[in-house]
Amino acid sequence: MNNIKTIFLCLVILMLLVSGVSYAGTYLESAHGNSTHGVNRKSTLQYATGHCAHCHEQHASIDGTEPEPNTGDAAGPDKFCLLANNFDTSAIPGAYVQDDNACFYCHYGTGTFQGTPFSNYSYSVTFGGNTDTTTATIFDAFNLTSYHNLKDVIDYAAATWTTTFTTDNNPCCTCHNTHLAKRNKANPDNPVYTAISKPSAHDELWGDDDTERMDDYPLTYQAPYYYAVTPTSYEPANNATSDGSNLPNYAAFCLDCHVNDIDGAGPLSAIDWAFEDQHGQGDATAVSSEGSLIAPYADASSGNYALSCTDCHEPHGSSNKWLLRTEVNAKSGISITTGVWYEFCTACHIVDLISGNHSSLNTGSTCNDAGCHSHGSNF
Ligand code: HEC
Ligand code: HEC
Ligand code: HEC
Ligand code: HEC
Ligand code: HEC
Ligand code: HEC
């Protein structure tokens, strides 16, 4: 976009900024708009904490000079008058640099532009109780072994929800609305404070209404244990609630995109949680001794459970392949890079390697060979 157009857009935003009173109401309740812990860029400290100007620069300058960041992709006027280029579509996935995404200018470790550095740990830590806090920022998470490929995500959203997204939008904003997202991490038991928005309903939060929780997904949700040496409480809030009434309906959220296969040609795989997969609504026969369930799941209830995607997956990235969590059902330190999943599956199943279907296998065998286990196949 050329500078004139960008400056015009900045003026439009400025007008909205002045007139958008009701909009500002919800914004002020968001994590970014909060007057205590909201946005506060170190180069724009003349603005109050939570002010739009920490992210949006009118005319790409404030008092005649462009506040930092102002080099690389962040130099000059940026789309949506942002502090930096919204997203660099030529970014190398898994080797992202700060300048690739406007969000990384703050959601970053040493070198963050937020006045007071802050952390966002993995889902396994924040909602699972894992104690490994090596991955401490969103930037870190997207540079692990597996990650949501940001370009693929925005390309998919722009092709699917053509009136909501274009490839000028930020890929992070397919799952988050920057002006609405709240701090679930500070209130893990209360999804009124959800941080996510479904891409198909970008202008509202997802999980805040009590019809948008895991206990509304068909069949029974049983929360996994929260990490402890002797676990007694449940995800996501380390308390007694275990029916999903305190968890956003992540199955519906993830399936907003993962219901599609882009005709088998794109990078996105369709996950059939409604019919095929037994971890979803698919028919599980009583789990036999070959894979009996571990507490808090009960064998007798097998067939009735439907899991949340986040019981097994991280949303952003993981040191394991396929965004698989490193802590599951209070078992921590799970490290798997191939289809050798014994350590992972045994967080919830006792797998019998002596008799039955698994008797010729050992803890180093691959589980996704020969159509044995994967989404869509005996899963
Ligand atoms: C100017 C700095 C800044 C920028 C740029 C920024 N954020 Fe944030 N963000 C923050 C701060 C500060 C918080 C509150 C952190 C806390 O509560 O510890 C936050 C919180 C959030 C939250 C709520 C969850 C939480 O940790 O509290 C989400 C979601 C989020 N940001 C997403 C984004 C996305 C997506 C972008 C890019 C489109 C972005 N942010 C850009 C500073 C920033
Ligand atoms: C806005 C659309 C969108 C949403 C919502 C979404 N995904 Fe994805 N996902 C994608 C796209 C596109 C890909 C393919 C590109 C890639 O590999 O990252 C993908 C890939 C994946 C992969 C494979 C990653 C790899 O290592 O190759 C996993 C696992 C995954 N998603 C899980 C999830 C989970 C769990 C959720 C919900 C928390 C979710 N997705 C929500 C778009 C989405
Ligand atoms: C944390 C950074 C951040 C803050 C703070 C912020 N915005 Fe934004 N805003 C964005 C991003 C990122 C986009 C681009 C959205 C996208 O890529 O999907 C955007 C887009 C917009 C747009 C274009 C239309 C749209 O919604 O996509 C308007 C208008 C806007 N912002 C106004 C405001 C106003 C007014 C405020 C303060 C009340 C504000 N913004 C605060 C990050 C922010
Ligand atoms: C595929 C959907 C998806 C994409 C893409 C995505 N997120 Fe998230 N994000 C989630 C989900 C799900 C959560 C978990 C909810 C939570 O933490 O409250 C989350 C949580 C967060 C949080 C809060 C973490 C905490 O401490 O609880 C922040 C901040 C955040 N995301 C920022 C980003 C940024 C920045 C990007 C882009 C670089 C991004 N997200 C891309 C789905 C996504
Ligand atoms: C977070 C806990 C959890 C993890 C991790 C987990 N499972 Fe399960 N699994 C369950 C639950 C609960 C059921 C019962 C589902 C139902 O009631 O429909 C189940 C059912 C199954 C079934 C159906 C059994 C039958 O008799 O029909 C298979 C097969 C299975 N799991 C394989 C796996 C494999 C392979 C892995 C590792 C990749 C794995 N599971 C990881 C919780 C888990
Ligand atoms: C019981 C644990 C478990 C749950 C629950 C789970 N997954 Fe997975 N997922 C896995 C494992 C293990 C893999 C790697 C094996 C494979 O390729 O299927 C995987 C792979 C994936 C992949 C990439 C490869 C592929 O098969 O397409 C996507 C996308 C994905 N999951 C999305 C989801 C979504 C969306 C949900 C919720 C509707 C979900 N998963 C729920 C364990 C789980």
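## Pockets and cavities

On a 1 Å grid over the protein atoms alone, a pocket is an open set of points with protein on both sides within 12 Å along at least five of seven lines, a cavity is a set where a 1.4 Å probe fits but cannot get out, and lining residues have an atom within 4 Å of a point. This is a predicted model, in which local features need pLDDT of at least 70 and side-chain atom pairs count only at pLDDT 80 or more, while totals for chains, interfaces and linings use all residues. Side-chain values use heavy atoms, with hydrogens and water left out, residues are numbered from 1 along each chain as its sequence is written, and ligands are numbered from 1 in the order in which they are written.

The second largest pocket is lined by 19 residues, and N130, D132, T135, S319 and T326 are those that lie nearest its centre. Its volume is about 250 Å³, a volume being the space filled by probe spheres set on the grid points, which are joined across faces, edges and corners. The lining of this pocket comprises 2 nonpolar, 14 polar and 3 charged residues, where Ala, Val, Leu, Ile, Met, Phe, Trp, Tyr, Cys and Pro count as nonpolar, Asp, Glu, Lys and Arg as charged, and the others, Gly among them, as polar.

Over the whole structure, the search finds 2 cavities of 30 Å³ or more. The second largest cavity has a volume of about 40 Å³, and its lining consists of Y123, F127, N184, P188, P236, N246, L247, P248 and Y250. By class, 7 of these lining residues are nonpolar and 2 are polar, with no charged residue.

## Two iron sites

Donors are N, O and S atoms within 2.8 Å of the metal (3.2 Å for Na, K and Ca), and sites may look incomplete because water is not among the atoms. The iron atom of ligand 3 is coordinated at 2.0 Å by NE2 of H56 and NE2 of H179. Its 6 donor atoms make angles of 87 to 179°, and the site is octahedral (six donors, with opposite ones over 155 degrees apart and all others between 65 and 115). Since H56 lies in the loop between α2 (21–28) and α3 (123–126) and H179 in the loop between α5 (150–160) and α6 (250–258), the pair ties together parts that are 123 residues apart in sequence; helices here are DSSP runs of H or I with at least four residues, strands are runs of E with at least two, and both are numbered from the N terminus. H56 is buried, at 18% relative accessible area, whereas H179 is partly exposed, at 27% (buried is under 20%, exposed over 50% and partly exposed in between, with a 1.4 Å probe and protein chains only).

H176, in the loop between α5 and α6, and H316, in the loop between β2 (291–293) and β3 (317–318), are 140 residues apart and link distant parts of the chain. H176 is partly exposed, with a relative accessible area of 25%, and H316 is partly exposed at 21%.

## Aromatic pairs

Rings of Phe, Tyr and Trp (its six-membered ring) pair if their centres lie within 6.5 Å, and planes under 30 degrees apart count as stacked, over 60 as edge-to-face and the rest as tilted. The count by this rule is 13 aromatic pairs. Y96 and Y147 form an edge-to-face pair, with 6.4 Å from centre to centre and 80° between the planes. Y96 is buried, at 3% relative accessible area, whereas Y147 is partly exposed, at 27%.

The ring centres of Y108 and F139 are 4.6 Å apart and the planes are at 55°, so this pair is tilted. Y108 and F139 are both buried. Ring pairs join Y96, F104, Y108, F139, F142 and Y147 into a cluster.

Conventions:
Tetrahedral: all angles 85-135°; square planar, octahedral: opposite > 155°, others 65-115°.
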